[in-house]
Amino acid sequence: MRLKKKNSGITHETPPPITVWAEKYFPPGYSYWIPDDGVHDLHNELVTRLDIKNNRRSGNLLWGAQAETLSKAGTQIAWVPDDLVPVFFTWTVHEELARACAVVDGSLSPSEIHDNLAYNLMQQLTIGHLSAQAPDRLSDGESKLLVLALQWAKKARWLFFDSLTRSFSDSTIEMILSLFSSAQEKPVLIFGNMSSGSPWLEPLSSLGSLKMRTLREIRNDG
Amino acid sequence: MTDRSKTTAHPAPILFIGLTASLWAVADHRGIMSIIWLIILCSIIYHLQPDEFSHFFRRITKLALTLLFVSFLQILFRRSGQPVLVYKTIVLATHDGMLEAGLLWIRFLILFSLATLLPRISLYQFLVLLGKLRIPLQFGLMLTMTLKLIPGVFKEAKLVMFFFRFSGLRFRKLNIHDRFKSVKEIISALLMRSLAYLPDTALALELRGWDQTTGRRLESPLSMKLKDRMWLTGAIFINLLGLWYYSISMNG
């Protein structure tokens, strides 16, 4: 996993396979949408790429090279999954967001700065009223919105959305798009399960150059 | 396909054998009774699942290196007892150290055999047995449900680990305080996810008529076959033999 150059003290870390894949098929400078062809699914693609189901032992994800790779992938890849019940590590929404902001700085103890960042993010996504609620007790839409906030806080290079429209109302989607457009450093946005007649394609193209990418063509290529 | 009825065992003899084997493994300082119980347990495992016996050994070999290391330390640091292995004037191993290392292996193997054997008990039969032992039905249900949910908990553990790592946390870069905090976070997340199973199980019970107000009795016969009776009698006999042997040797 880690190659050390002799006598130089320089360490070169090999990038996780999923970031190599993302770099190749979703290069920066564009946003992407993936059509729903009924066969290939972005969710399954990411589950396979992140090797979630093939791990026979949970320990494999806690320590060892595989866990380290996942951590590294986690710093660069953000993902808002649909068919994966999210796991939260704290007791309130605000704590969870502050924790996510602290993790970016390599810590698990949020400082006042992280608290403020979390507060701002909650205001932007209009989930301030959920601040003191337990993350496990949120509705599907609220929970997905919280996951988006957590993934957005990671400041990753790529943000994968299994489905933008599922569980969200039109006003929530508009609010999410305004969050994306107001960001100074936008990640590469990839939206899965979109139909070609979706009314959201036009607003999405206003975020930047929007390209279509099919998973079939990616599979055939790789 | 393996016939499930042939590979499952009656809970009474298995639990009795498991209990006595564990007690002997702790109390026996000579190793004789522990070895006898280990042989008995291995024979039962072979009898119940002959096809999977090789898997049982494979699982043991995976942990053998760790055990070898621990027993090596035991031999190295145990200085009391008669010297067994001497190099010039240095005592490399003593009788006590060798015996303790041997006992360590036997105890581990007994534990491992029990862990292999206990899943062979049908959960429903176990619940019926608890009822026969006058243990309240609610408590019995709680216990069996907990056992039944263990595979689900493993699945949840995998998911917790995934989200923990995918949050971008570099464990190696955390300070000591945060490392401890991360363990606490993982455990509390796992606990919360496990508790989330409760409403489903409660609903499943209510749908079967096991609600708070309606009393239900288990009306399943818990009959032992000849094989089970023989195991139980054999286990009682070996226990008595062991007690007799130790009382003789202590008096002698």
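## Basis of the model

The model is predicted: local features need pLDDT of at least 70, side-chain atom pairs count only at pLDDT 80 or more, and totals for chains, interfaces and linings use all residues. Residues are numbered from 1 along each chain as its sequence is written, while chains are lettered from A and ligands numbered from 1 in the order in which they are written.

## Composition of chain A

Chain A has nine helices and seven strands. Helices (H or I, at least four residues) and strands (E, at least two) are DSSP runs, numbered from the N terminus. Of its 222 residues, 35% count as buried. A residue is buried if 20 or more other C-beta atoms lie within 10 Å of its own, exposed if 12 or fewer, and partly exposed in between, with C-beta atoms placed from the backbone.

Among contacts in chain A between residues at least 6 apart in sequence, 76% join residues at least 24 apart. Two residues are in contact if their C-beta atoms, placed from the backbone, lie within 7 Å.

## The sheet of chain A

Five strands of chain A form an open sheet with parallel pairing, in the order S4-S5-S6-S3-S7. Two strands pair if DSSP finds at least two bridges between them. Strand S4 (77-80) and strand S7 (210-212) of chain A stand at the edges with a single partner strand each, so one side of each is left without a neighbour in the sheet. On average, neighbouring strands of this sheet are turned by 20 degrees against each other, direction ignored. The axes are lines fitted to C-alpha atoms, for helices over the stretch in contact, and angles run from 0 to 180 degrees between N-to-C directions.

A:Trp33 stands opposite A:Met212 in S7(A).

## Strand S5 and its neighbours

S4(A) and S5(A) run parallel and are joined by four bridges; here A:Val80 stands opposite A:Phe161 in S5(A). S5(A) also pairs in the parallel sense with strand S6 (residues 188-194) of chain A, over four bridges. In S6(A), A:Leu189 is the residue opposite A:Leu159. Helix H7 (residues 170-182) of chain A makes a right-handed β-α-β unit with S5(A) and S6(A). A crossover is right-handed if, with the strands pointing away from the viewer, the path from the first strand over the helix to the second runs clockwise.

Strand S5 (residues 158-161) of chain A is covered on both faces. A:Trp158 and A:Phe160 on one side are buried, as are A:Leu159 and A:Phe161 on the other.

## Contact between the chains

In the interface, 23 residues of chain A are in contact with 25 residues of chain B. Helix H3 (65-76) and helix H4 (93-104) of chain A each supply at least two residues of the side of chain A that touches chain B. H3(A) gives the most to this side, with five residues.

By class, this side of chain A has 13 nonpolar, eight polar and two charged residues. Ala, Val, Leu, Ile, Met, Phe, Trp, Tyr, Cys and Pro count as nonpolar, Asp, Glu, Lys and Arg as charged, and the others, Gly among them, as polar.

## Chain B

Chain B has ten helices and two strands, in the sequence pattern α-α-α-α-β-β-α-α-α-α-α-α. Of its 252 residues, 17% count as buried. Among contacts in chain B between residues at least 6 apart in sequence, 67% join residues at least 24 apart.

B:Leu141 lies in helix H7 (residues 137-166) of chain B. B:Leu141 is partly exposed, because 15 other C-beta atoms lie within 10 Å.
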